[in-house]
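The sequence and structure come first.

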Number of protein chains: 2
Amino acid sequence: MSRPRPLVPRPDLADTVGVVGEFDLIARVTARAGTAGLAEVGPGDDAAVLRAPDGRVVVCTDVLVEGRHFRRDWSSAEDVGHKAAAANLADIAAMGAVPTALLVGLACPAGTSASWLEGVAAGMAAECAPFGAAVVGGDTVASAPDSDSVVLSVTALGDLGGRAPVTRRGARPGDVVAVAGRLGWAACGLAVLRRGFTSPAAAVAAHRRPTPPYAAGPAAADAGATAMCDVSDGLLADAGHLAADSGVRFALRRASLANNFVSGPLPQVAAALGGNPLAWVLTGGEDHALVATYPPGAELPEGWTTIGSVDDGEPGVVVDDVPARQVAADMGEVPGHAHFG
Amino acid sequence: MSRPRPLVPRPDLADTVGVVGEFDLIARVTARAGTAGLAEVGPGDDAAVLRAPDGRVVVCTDVLVEGRHFRRDWSSAEDVGHKAAAANLADIAAMGAVPTALLVGLACPAGTSASWLEGVAAGMAAECAPFGAAVVGGDTVASAPDSDSVVLSVTALGDLGGRAPVTRRGARPGDVVAVAGRLGWAACGLAVLRRGFTSPAAAVAAHRRPTPPYAAGPAAADAGATAMCDVSDGLLADAGHLAADSGVRFALRRASLANNFVSGPLPQVAAALGGNPLAWVLTGGEDHALVATYPPGAELPEGWTTIGSVDDGEPGVVVDDVPARQVAADMGEVPGHAHFG
């Protein structure tokens, strides 16, 4: 990465994890973890024990790396905790489930501020609390000897409450394609921060603390959604995963996307920075919207907006008949993240 | 760390994850992941869905960092996979449960060999296979911009099969203290490798691929064990956790430890290197033995050896009446890892 190291205040030496020590750090962080309603055994043992009312458990892992997924000068500790939790909780919602618990694997330099890590824990706890979920376990180790960066690996668990899981494989020709949540706001906020600005606040906040439409996941499952995933790499890329895994073509409508999703701070920021707000909508990830398909005639739950339909053309995504890759290239974007550039 | 960077062969450039790309890498690694008998939805979706026959799920996370927990010149890719899995599966066993699945959060440099990562996946799959468990999900991201090291965060899930979980809090005065598995072998192997040797093979293998006594965990739960944990930081440190969390004193017997656990390659290597083999037994972690307490008169399951008893003295661990800290200091060791030195 060519950007300079984030300029963050040097932490109080007495407050660094190297001085505080592993066990005091864990005690302080655990005190911020909240309480998981379904936990029989919580943090502090070899493993947590969690009730699984559905008789199945939904589980996923997402890794956030300092300097790639967050910067300490752009996001507060609480922001990082909210964002790390949200990325995982959205994956749980995308299966049609409700989050029940988080576990956190943390690698951090000995010089990391323990107070900063408490802030991360508090942010995670706050993001989980509406579900009665909390951090129930984890592990804390020193970063690699060659690294001065924090790595957070978060695992989320969820409960299906009797619903069938909604996978990526069930989209059928004739289905409706719909989205819940925001598209492009986090990418817009990142563009603002990259230019050195901190406003408009709504855009920057969307980058720092995504607000996935959690309830829309189980609601989609209840309404008969045939396929679903969360939008973490951008709509074109993630709709592409549904299309590929289901073996169908997604025909999206540009007008529907432009009319319903170019909103909030997007037009203003795009005008100021000379960009195309629709590019953010189509290729911006990290808002953790949900994209799903519904059988023809299904009544969409609250918060879902139709953006196109499924047909039996060659598997992939088209926008007004233009292939996704061409659409993205025309906007100067590639669909989805290149994680190893 | 003052040691030089591991000398590993430069990978074939065409085989690096930066060239192979995230999606091909995931496909190759997933092909090695094995099949989890309880998985309804496995790798490749937003989250995995796993049956939880007990109605509860046991879950834990452990992080392994290159240069701290493994070195690529000391351990093969398969070794690293085995070791990363074993550290977690032992935590599941220590609750009295049987492993059902793993998830893996991976941060690695773009220059990492994809074949090496396939080897890690194969090692994990092999360690899980006896339980019908497998890797059911995960996430792969690029390392921090300042790091050329691999970070593996592994989450394990397990099923209690109707057993009550065995926590760290249930030891009572009068209980018997017992250990299953090896103590000090991995530390002995590490000492061998640090001196530049690669034999005796049994010691080096113990460092590379620990062999936790998995079946001894559920067996202990069935036999009425009152408290249990795995030995990952050394016997004195981990028995200390049980003692502290239960509010009791563990009185260990040196003769029992010396007679039963100074075995295999330990005496020979200690003689050659001029060390005390009992120091490895008392303070060496990473064999992932299990230490547990049983009510007086309980019949110990196969593989468990009595090493002392619980009394109502000041909470802590003593060996022949000498406090653990003093015992360790006399041997030139500190009990347990200092994770942020």
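## Salt bridges within the chains

A:Glu118 counts as buried because its relative accessibility is 12% (buried means under 20% relative accessible area, exposed over 50%, partly exposed in between, with a 1.4 Å probe and protein chains only). The model is predicted: local features need pLDDT of at least 70, side-chain atom pairs count only at pLDDT 80 or more, and totals for chains, interfaces and linings use all residues. Residues are numbered from 1 along each chain as its sequence is written, chains are lettered from A and ligands numbered from 1 in the order in which they are written, and side-chain values use heavy atoms, with hydrogens and water left out.

Over all chains, a search of the whole structure finds 28 salt bridges (a side-chain nitrogen of Lys or Arg within 4 Å of a carboxyl oxygen of Asp or Glu). One of them joins A:Arg28 and A:Glu118, with the closest N and O atoms 2.7 Å apart. This pair links distant parts of the chain, 90 residues apart: A:Arg28 is in helix H2 (residues 22-31) of chain A and A:Glu118 in helix H4 of chain A. Helices (H or I, at least four residues) and strands (E, at least two) are DSSP runs, numbered from the N terminus. A:Arg28 is partly exposed, at 26% relative accessibility. In chain B, the side chains of B:Asp54 and B:Arg56 form a salt bridge at 2.6 Å, N to O; B:Asp54 is buried at 17% relative accessibility, and B:Arg56 is buried at 13%. Salt bridges with shared partners also connect A:Asp15, A:Arg28, A:Arg32 and A:Glu118 into one network.

A further salt bridge is formed by the side chains of A:Asp222 and A:Arg163 (3.2 Å, N to O). It too links distant parts of the chain, with A:Asp222 in helix H7 (residues 216-222) of chain A and A:Arg163 in the loop between S6 and S7 of chain A, 59 residues apart. A:Asp222 counts as exposed because its relative accessibility is 57%, whereas A:Arg163 is buried, with a relative accessible area of 19%.

## Interface of chains A and B

Chain A and chain B bury about 5400 Å² between them, 61% of it on carbon and sulfur atoms; buried area is the accessible area (1.4 Å probe) that two parts lose on being put together, summed over both. The contact (heavy atoms within 4.5 Å) takes 70 residues from chain A and 70 residues from chain B.

Six salt bridges are counted between chain A and chain B. Among them, the side chains of B:Glu40 and A:Arg56 meet at 3.3 Å, N to O. On the side of chain A that touches chain B, strand S3 (residues 56-65) of chain A gives the most, with nine residues. The residues of that side divide into 35 nonpolar, 17 polar and 18 charged. Here Ala, Val, Leu, Ile, Met, Phe, Trp, Tyr, Cys and Pro count as nonpolar, Asp, Glu, Lys and Arg as charged, and the others, Gly among them, as polar.

S3(A) also runs antiparallel to strand S2 (residues 48-51) of chain B, joined by four bridges; two strands pair if DSSP finds at least two bridges between them. A:Val59 has B:Ala48 in S2(B) as its bridge partner.

## Sheet in chain B

Seven strands of chain B form an open sheet with mixed pairing, in the order S8-S10-S7-S11-S9-S12-S13. Its edge strands are S8 (227-231) and S13 (322-323), each of which pairs on one side only.

Strand S7 (residues 176-180) and strand S11 (residues 304-311) of chain B pair in the antiparallel sense over five bridges, and B:Val176 stands opposite B:Ser309 in S11(B). Strand S9 (residues 249-252) of chain B is antiparallel to S11(B) over four bridges, with B:Asp311 as the bridge partner of B:Arg249.

A:Met124 lies in helix H4 (residues 114-128) of chain A and is buried, with a relative accessible area of 2%. Residues in contact with A:Met124 include A:Leu102, A:Val104 and A:Leu152.

A:Thr167 is in the loop between strand S6 (151-159) and strand S7 (176-180) of chain A and is buried at 19% relative accessibility. Among its contacts are A:Met228, B:Val41 and B:Asp45.

Methods
Lists of a residue's contacts leave out its neighbours within four places in sequence.
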